[in-house]
Amino acid sequence: MKLKNLLLTAFSICSLAVSPSFCKEPVTAISTDITPLNEAIVMMKPVNIGKGHIISGFLGKMLNIPKTTKIADSGFLAFGLSEDAIQVMPTEEKSLHIKSILPYLNESKELQDSLKLRRTARQIRYQHLKDKISKSTELSEEQKESIIDFLSQSIGSPVVLLSKSPLPYFMPSPGPCMIPLGAERLDSKGKTSEGIETSVICLLDIKSGNEVIFSIEDALKNDTLDLVICHENAHAIQFDMYGKLFQKIQRTSTNGHDAPYITDLGLAYIEGWAEAFEAVYGPANPKLDEKDRTKYNISEFLYSRQNPVRRDRYVWVSLNEKTGELKNGLQLMSTEGVIAGFFYDILTSRAIVAPFDKCVKTMLETPMNFMEFVKTYVKLFPEDKKVIYRIILENSHYVTMHENAYESYKNYYGFVKAYKQKKIEKNDFVEAKKAYKEYTEKLFEEAMKTDNIFANVGPQMWFSGKVDMISVHKIPSERKELMAEAFGKKDKFYEFRLDLNTASKDMLRSIGFSYDDVNTILKARTKKNFFTGNPINVLKNVLGEEKFNSYNQNLNLAPYDHSKSDSIRDYEEQSVVLWPEDIAKLRQIR
């Protein structure tokens, strides 16, 4: 009898705490490929610039200037970002990367699963594109043959991991990251070409001054290094599907990035996809527990991007304050942790056949953000429409779809909280739950008929500013302290870009708006559900022109055309900091 009661109690707790699917054994492997991998990883280092160049061989080695070559292969030119590629050769046999890291990665079941996904994705790419290329009237027969051969050869080619930075010594280490940079693999003598790749993965420490923010050796010891590479490999898979169009995914925000950060539609889509794989493979590591995190020196971001992603907790404004307050529609679509949760649910769904394959087939159609991804996915695979809509709407609590959903969920959450605290009777809670369920079911029926699941996602309203740090001393002390803390005092100017429909209290505070004025702005936005029009005019109307002008003397605010962010210059700046973290330029100021 006691055992029965214990089991019933455990079931009740599980039902209240998480969704029913989370009570099942977590999925820690996605690939259905049973064919063994053969030399799936090569550990390489950049070849330094040699004689015959402007910079001498000696200086090139001292400054770590990588040697580049132009690739004439039509396949490489079709999918690489440029015709240039760095040359790489095998890392020294006695290095840590060869002696310890490579054997560890080869033995990781999670990484092997991830690398099989890469092979599957490239096979799908080959099958999807070969007929289109063969029928093309714009390519010569020689070009067609070269591109198809490149796609075929790339299926089984190894992932290139770099043990040394491909950047000059005077530039900061990129840390662990996927760089969409072409690479020609040379033999151990640095002479014969053994293949070409359109992207590489750096396997390096992250440093800020003398401080090591992320240590490769620590990640090796605590068995999280494979999660790092799985994340980067996911970036590489996505880049494989997009090719040159990858640079068209707009990344406008200057907020840095991490799972809880509200950034922009493009970055949230890219990082959400990659972080979903951390959440998939994370449960295989028993050390990823809060009580063990410090003990094993596990990086905070690797731990924090686990349960909150799997349980869709980033939809809330705060993970710490249980208020039931949700982010608005555009904020949800611009938060990588939210998108990671959606992708995790799709990739691990038992109701979808071959979800990974369908995801990469969708990416071959090059949607530019997650909303476009969902619309494209449902068009390609209408049999999954009901499951996909359930995932998006249930986990966003219908905020992306309807303007009343925010308040409806907040009210229902109040009943849940009151019941758990024994402040209301069970019957009251049951009635509230029933009413909320009826409300959301009506919305779901509407969604299935109209496909309007993103009807409540507001428009992007980007504005830019340029803080003159020299003039900060002229403004009131509170704002001065806020801005000095947010932007530092090293640079004369600090340029930022914010979206008025996603800007949070912390973001607006950090550029100098007072607490009261931030509340005024956010209350006005909540009342309208989202702003429309010119962001600068909206700020003037909300704050009053006189108050706005007093701020603008130092902020130099102007509307920002976010389509500019797909320029190659911006893309190259951001490509080397895709993961794991930017040093946040906007600190969390309360």
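Select Glu-141 first: this residue is exposed, at a relative accessible area of 58% (exposed means over 50% relative accessible area, buried under 20%, partly exposed in between, with a 1.4 Å probe and protein chains only). The model is a predicted one, in which local features need pLDDT of at least 70, side-chain atom pairs count only at pLDDT 80 or more, and totals for chains, interfaces and linings use all residues. Residues are numbered from 1 along each chain as its sequence is written, and side-chain values use heavy atoms, with hydrogens and water left out.

Lys-144 is buried, with a relative accessible area of 8%.

Next, select Glu-278 and Arg-305, whose side chains meet in a salt bridge of 3.1 Å, N to O. Glu-278 sits in helix 9 (residues 265-281) and Arg-305 in the loop between helix 11 (300-304) and helix 12 (307-310), so this pair ties together parts that are 27 residues apart in sequence. Both Glu-278 and Arg-305 are buried.

Move on to Glu-83 and Lys-70, which are joined by a salt bridge of 3.3 Å, N to O. Glu-83 lies in the loop between helix 3 (74-79) and strand 3 (84-90), while Lys-70 lies in strand 2 (residues 68-70), so the pair ties together parts 13 residues apart in sequence. Glu-83 is partly exposed at 38%, whereas Lys-70 is exposed at 54% relative accessibility. In total, the structure holds 20 salt bridges.

How many disulfides does a search of the whole structure find? The search finds zero (a disulfide is a pair of cysteine sulfur atoms within 2.5 Å). The sulfur of Cys-177 has its closest cysteine sulfur in Cys-202, at 4.3 Å, which is too far for a bond. Cys-177 is buried at 0% relative accessibility, and Cys-230 is buried with a relative accessible area of 1%.

For the last stop, select Glu-438 in helix 19 (residues 426-450). Glu-438 is partly exposed, with a relative accessible area of 44%.

Methods:
Helix = DSSP H or I, 4+ residues; strand = E, 2+ residues; numbered from the N terminus. Salt bridge = Lys/Arg side-chain N within 4 Å of Asp/Glu carboxyl O.
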